[in-house]
Amino acid sequence: VPLAVAALSGSPDSAANERILGQLVFDHHLASVIPLSPEAVVLTVNWNADGSTIVTAATDGAVRLWDSQSHAEIRNKQFEGTAALSASAISPDGNRVAVGVAGDVQIWDVAFGTQLAGADGPDTRITAVVWNPNQTQVATASTDGAVRVWDATTGAMVSEYLGPAGPPVIVWNLEGSRVYKAGSDGRIYEIDAKTGRIYRQV
């Protein structure tokens with residue numbers, strides 16, 4: 001039965017590509033399958049920096065960590081209210097996971113499954129979470145069109161840019177000083193992570 005692609009991510013070393021097809025994760029050779037809950041549809045998928053770990057957030061309210069070689073499930077964190085969980089991202093060093101729960105951001109320890117930080121966000125839904133290169137902050141995109149930057153240690157909001165709605169696509173520059181957002185108007189917005197102000201748009 002054909003399944004729609006719900007999320008897509010490539011490994012950092014390009015050795016493999018993980019495609020989320022409804023409930024299943026395939027590698028680029030289509031040689032193996034990671035089954036999720038029959039009711040689950042994967043919302044987001046990404047890798048840690050060395051490509052050893054994959055994190056997925058799914059509609060069954062679970063954030064799962066996977067070993068990218070064996071495809072074994074490392075950890076499963078269930079969140080209350082399946083509709084609230086919307087995005088997740090693993091830190092480059094693989095030690096923490098940032099999770100979007102409705103409009104809130106939570107930072108979790110991978111090894112022990114404990115919450116390290118969190119902050120109550122506005123009444124919206126986070127659609128993307130991305131760590132900055134030095135792992136001190138996370139940026140989020142949400143359905144209200146905003147890009148918000150959060151302190152990864154305290155959970156406090158650092159800056160906020162209220163812009164046009166757009167696809168759930170945000171990326172950091174290499175220095176961790178700017179966040180790029182795609183807008184529904186076809187423009188790319190370069191946002192100062194410290195102030196939330198537009199640096200330029202193209």
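Is aspartate 144 buried, partly exposed or exposed? Aspartate 144 is partly exposed, with a relative accessible area of 34%; buried means under 20% relative accessible area, exposed over 50%, and partly exposed in between (1.4 Å probe, protein chains only).

The model is predicted, so local features need pLDDT of at least 70 and side-chain atom pairs count only at pLDDT 80 or more, while totals for chains, interfaces and linings use all residues. Residues are numbered from 1 along each chain as its sequence is written, and side-chain values use heavy atoms, with hydrogens and water left out.

Aspartate 144 takes part in a salt bridge with arginine 148, where the closest N and O atoms are 2.8 Å apart. A salt bridge here is a side-chain nitrogen of Lys or Arg within 4 Å of a carboxyl oxygen of Asp or Glu. Arginine 148 is buried, at 3% relative accessibility. This arginine 148 also forms a salt bridge with glutamate 160, again with the closest N and O atoms 2.8 Å apart. Because glutamate 160 lies in strand E16 (residues 157-162) and arginine 148 in strand E15 (residues 146-151), the pair ties together parts that are 12 residues apart in sequence. Strands (E, at least two residues) are DSSP runs, numbered from the N terminus. Glutamate 160 is partly exposed, at 35% relative accessibility.

Elsewhere, the side chains of arginine 64 and aspartate 60 meet in a salt bridge, at 2.6 Å from N to O. Arginine 64 counts as buried at 6% relative accessibility, and aspartate 60 counts as buried at 14%.

A network of salt bridges links Arg178, Glu190, Asp192 and Arg200. Over the whole structure, the search finds seven salt bridges.

Terms used:
Helices (H or I, at least four residues) and strands (E, at least two) are DSSP runs, numbered from the N terminus.
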